[in-house]
Amino acid sequence: MFALETVSLTPGKMEARKEVRMHRADEERIRAAAAATGLQEADFIRQAALLRAQEVEQRMALSILPVEAFEAFKAAVAAPGKKVPGLAQAAQASKGILKNAD
């Protein structure tokens with residue numbers, strides 16, 4: 001058996017279905033890899049898809065900036081705010097117009 005990355009599987013009954021079309025050569029690679037890991041093909045495919053989804057979610061949660069740009073960003077966030085003329089009045093005037101604007 002191989003050491004595998006783990007992913008949290010959703011507990012409960014699986015009700016959704018997906019159908020995948022692929023080349024026969026890809027099917028053979030998946031079949032062999034699933035067998036090598038001791039997983040059924042469907043479980044292997046589901047885990048691989050969930051690992052990829054997890055990777056995408058993690059990348060979406062990160063911001064990759066050069067060090068200088070990140071330091072400038074941190075300084076801007078930490079700096080005191082500036083009053084923008086008319087902005088408070090515009091915010092007050094918009095109350096009730098936008099949903100969940102409180």
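Helices (H or I, at least four residues) and strands (E, at least two) are DSSP runs that are numbered from the N terminus. By that rule the protein chain has four helices and zero strands, in the order α-α-α-α from the N terminus on. This is a predicted model, in which local features need pLDDT of at least 70 and side-chain atom pairs count only at pLDDT 80 or more, while totals for chains, interfaces and linings use all residues. Residues are numbered from 1 along each chain as its sequence is written, and side-chain values use heavy atoms, with hydrogens and water left out.

**Overall form**
- The protein chain has a radius of gyration of 25 Å, whereas a compact globule of 102 residues would have one near 13 Å; the radius is taken over C-alpha atoms, and the globule rule is 2.2 Å times the number of residues to the power 0.38.
- Along its principal axes, the C-alpha trace of the protein chain spans about 65 × 40 × 30 Å.

**Burial**
- Of the 102 residues of the protein chain, 4% count as buried, where buried means under 20% relative accessible area, exposed over 50% and partly exposed in between (1.4 Å probe, protein chains only).
- Helix α4, residues 87-94, is hardly covered, since the count of buried residues among its eight residues is zero.
- G96, which follows α4, has a positive phi, near 90 degrees.

**Helix α3**
- V77 lies in helix α3, residues 67-78, and counts as exposed because its relative accessibility is 56%.
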